[in-house]
Amino acid sequence: MVRELQTRRYILAGVLTILIFVVGLLVGLLIENERLQYVQRVSNEQRIETNSLELQNLYVSLLSREGNCDAISNVLSVNLVNLERTRERIENFNKDSSGINREEFHLLTREYLIEQLRFWLLTEEINKQCGTDIVTILNFYADSEICKDCNAQAFVLDYLKNILKQKLYIFSFNTKFTEEPLLQILIQNYDISKHPTLIVSGEKIENLVSRGELFDIICSKYETKPLECLKEDEL
Amino acid sequence: MILKFTNIILFIVYIMGVYFIVFWLLTLVDKEKTSRKMSLKNLPKVSIAIPAYNEEETIVETLKSVINLDYPKSKLEIIVINDGSKDDTRKLVENIVKQNTGDNIILINKENGGKASALNIALKRAKGEFFVTLDADSFVREDALKKLLPHFGDKNVGVVLPLLKIHSPKNILERLQHYEYIIGFFYKKLMGKLNCIHVAPGPFSVYRKEVVTKLGGYKVGNLTEDQELTFNLQKHHYKVIQILDTIVHTKAPRTIKSLYKQRNRWYKGAMYNIWDYRKLLFNREYGDFGMIQLPSVMLSGVLALLALALVLYTSIYPAGVWLYNLRLINFDFITLIQNPVINLHLLDFDYMIIVTMIFTSSLSILALILAHKMVNEKIFHKKTNIVSVFLFLFVYFFVIAFMWIGIAFDIISGRKQRW
């Protein structure tokens with residue numbers, strides 16, 4: 001005896017399942033495309049901002065208009081926040097991506113890295129011009145698969161940025177972009193071999209450092225200790 | 001394209017999950033075939049077997065519900081098998097036998113040997129054309145037999161099953177099981193459309209006695225002997241029919257521990273039975289039962305565990321990372337709250353997770369609504385039910401899935417003894 005078998009239903013269910021997944025994949029690709037376009041747009045905006053800042057810096061340095069330093073500093077910090085957000089966003093998008101747009105993502109991330117390096121140099125220059133008392137941190141990190149503590153370190157840095165605000169500038173560089181000569185030079189100069197490694201105004205700190213330790217190091221770098229450092233001392 | 005191992009597993013879980021759902025949704029919209037009904041002009045003789053082991057709390061109520069059945073006493077035979085109870089079960093039944101001399105109640109006392117052995121003894125003694133099992137913690141409605149018997153119209157109908165409900169669910173765990181049973185029987189009704197039902201539960205399943213006898217009765221030592229018999233019926237191409245218009249109430253485990261014990265036995269028993277009946281798996285000869293039902297029962301535990309792992313990975317893991325990070329800043333929430341990072345972008349959301357969540361929750365809600373409609377019951381009775389509905393939809397699955405961890409461990413470690 002052969003029992004009833006809903007052969008047609010098995011096939012129909014299979015076809016519908018495939019259809020659902022095809023639609024899902026297409027929507028996923030659509031979102032990915034949107035993300036790429038978004039990042040590209042933000043990237044272009046960022047480039048314009050950098051150009052504008054460079055121009056402002058030139059103005060200050062050529063005509064010795066130190067009185068405009070505060071205004072430039074403000075623009076700088078706003079840009080810095082945006083820069084960091086976009087970097088995080090690109091990394092997240094890249095993590096989620098299907099792999100189809102791998103090349104594009106890689107190029108974009110690299111482009112962004114260059115933008116950050118340029119911005120960092122610009123910051124250093126403006127600071128020199130204006131003589132502002134600011135601590136700069138270079139955060140050399142790696143992808144989370146290689147460096148488990150990098151995420152935690154970024155969290156601590158975010159937290160400290162929240163406290164010190166415009167008195168602390170953080171630049172994060174993913175060391176995987178070995179094709180970027182300037183990054184290579186930095187890695188060589190600072191002899192970066194571990195992740196995460198922080199360069200706090202020239203001082204190298206390897207491995208994960210917690211809030212208190214890092215805060216003390218940062219505070220020691222200011223010429224005149226900001227209020228936040230003193231407050232923390234009291235605590 | 002780099003596909004990680006976990007991604008492949010994830011993809012398989014998604015595909016299989018969606019496939020099963022689509023298949024059963026197609027079955028849901030399919031029309032039900034009408035089967036031939038048996039006329040009740042000449043009521044057949046029915047034997048009801050009640051195996052009891054330490055059931056002093058419920059046996060009296062169970063027996064009373066059977067005595068009150070709307071069925072002529074001359075056609076009814078009630079066999080209570082006291083399976084070596086150490087409590088007052090024997091005394092209580094003897095009292096009832098004395099009080100109801102006209103009701104044809106037989107008490108058989110035997111040494112403890114398990115439910116299957118008790119039922120086999122009853123099967124031998126039974127004189128009825130139909131053989132009914134009734135767990136001693138379950139209570140039938142008066143109309144039960146007259147609702148169930150007409151479905152034996154076709155010669156190859158082996159067993160007809162009533163709708164099971166939890167007896168007066170009071171605590172939260174019982175309420176959750178109440179919803180689980182309603183959804184479960186909705187699903188069983190769907191299975192019935194394809195003659196795929198894989199278990200005839202202990203409370204008031206009506207069997208054609210000659211069929212059960214021919215198949216050799218109950219397998220002693222089996223963890224879920226009722227399921228083993230159903231597998232055997234399916235193996236011999238008998239029909240298993242689920243009806244929803246008479247209700248049998250059964251006591252449900254009241255604590256997590258007893259629920260775990262019950263589910264451990266059920267699910268482990270199911271796995272062992274599938275192993276014993278593995279010849280039916282993907283066997284064209286056994287129709288949809290072999291092609292979709294057995295494989296999905298077999299995979300249910302694996303799918304539950306994978307789904308659990310997936311949810312834990314996407315929720316608990318990030319929460320753990322967050323806690324670890326918070327520890328690094330000495331849990332200084334104030335600074336975080338004072339400087340909230342409002343940085344949301346429409347493109348930031350993980351749409352895969354969002355779509356999966358919407359998909360599964362709307363399906364659960366749909367199943368809950370359709371199931372309640374099918375058994376003519378309202379989802380909300382009292383205010384407190386909102387909580388249990390919510391817990392059932394979003395939490396209960398994880399309780400069961402967590403139990404599967406222990407069950408899987410038992411199966412793997414017990415393999416040497418049994419297989």
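Modeller: B:H237 is buried, because its relative accessible area is 13% and buried means under 20% relative accessible area, with exposed over 50% and partly exposed in between (1.4 Å probe, protein chains only). This is a predicted model, in which local features need pLDDT of at least 70 and side-chain atom pairs count only at pLDDT 80 or more, while totals for chains, interfaces and linings use all residues. Residues are numbered from 1 along each chain as its sequence is written, chains are lettered from A and ligands numbered from 1 in the order in which they are written, and side-chain values use heavy atoms, with hydrogens and water left out.

Colleague: How many residues of α8(B) are buried?

Modeller: The helix α8(B) is mostly covered, with 10 of its 11 residues buried. Among them are B:L229, B:F231 and B:L233, and also B:E225 and B:D226.

Colleague: Where does B:N54 lie, and is B:N54 buried or partly exposed?

Modeller: B:N54 is in the loop between β1 (46-52) and α2 (59-67) of chain B. Its phi is positive, about 50°, although B:N54 is not a glycine. At 32% relative accessibility, B:N54 counts as partly exposed.

Colleague: Which peptide bond is cis?

Modeller: Most peptide bonds are trans. The bond from A:H195 to A:P196 is cis, with omega near -10°. A:P196 is placed in the loop between α5 (181-190) and β3 (197-200) of chain A.

Colleague: What is B:I241 in contact with?

Modeller: Contact means heavy atoms within 4.5 Å. Leaving aside neighbours within four places in sequence, B:I241 is in contact with residues including B:H151, B:V160 and B:I197. B:I241 and B:V160 are 81 residues apart in sequence, but 4.7 Å apart in space, C-alpha to C-alpha. B:I241 belongs to strand β8 of chain B and is buried, with a relative accessible area of 14%.

Colleague: How much area do chain B and chain A bury between them?

Modeller: The size of an interface is often given as the accessible area lost when the parts come together. Here buried area is the accessible area (1.4 Å probe) that two parts lose on being put together, summed over both. Chain B and chain A bury about 3900 Å² between them, 61% of it on carbon and sulfur atoms. B:Y19, B:L328 and B:L347 supply 16% of the area that chain B buries against chain A, more than any other three residues. The contact takes 46 residues from chain B and 38 residues from chain A.

Colleague: Which side chains meet in a salt bridge?

Modeller: A salt bridge is a side-chain nitrogen of Lys or Arg within 4 Å of a carboxyl oxygen of Asp or Glu. The rule finds 1 salt bridge across the interface of chain B and chain A. The side chains of B:D30 and A:R9 meet in a salt bridge, at 2.5 Å from N to O.

Colleague: What ipTM does the predictor give the complex?

Modeller: The predictor gives the complex an ipTM of 0.84 and a pTM of 0.84.

Methods. Helices (H or I, at least four residues) and strands (E, at least two) are DSSP runs, numbered from the N terminus.
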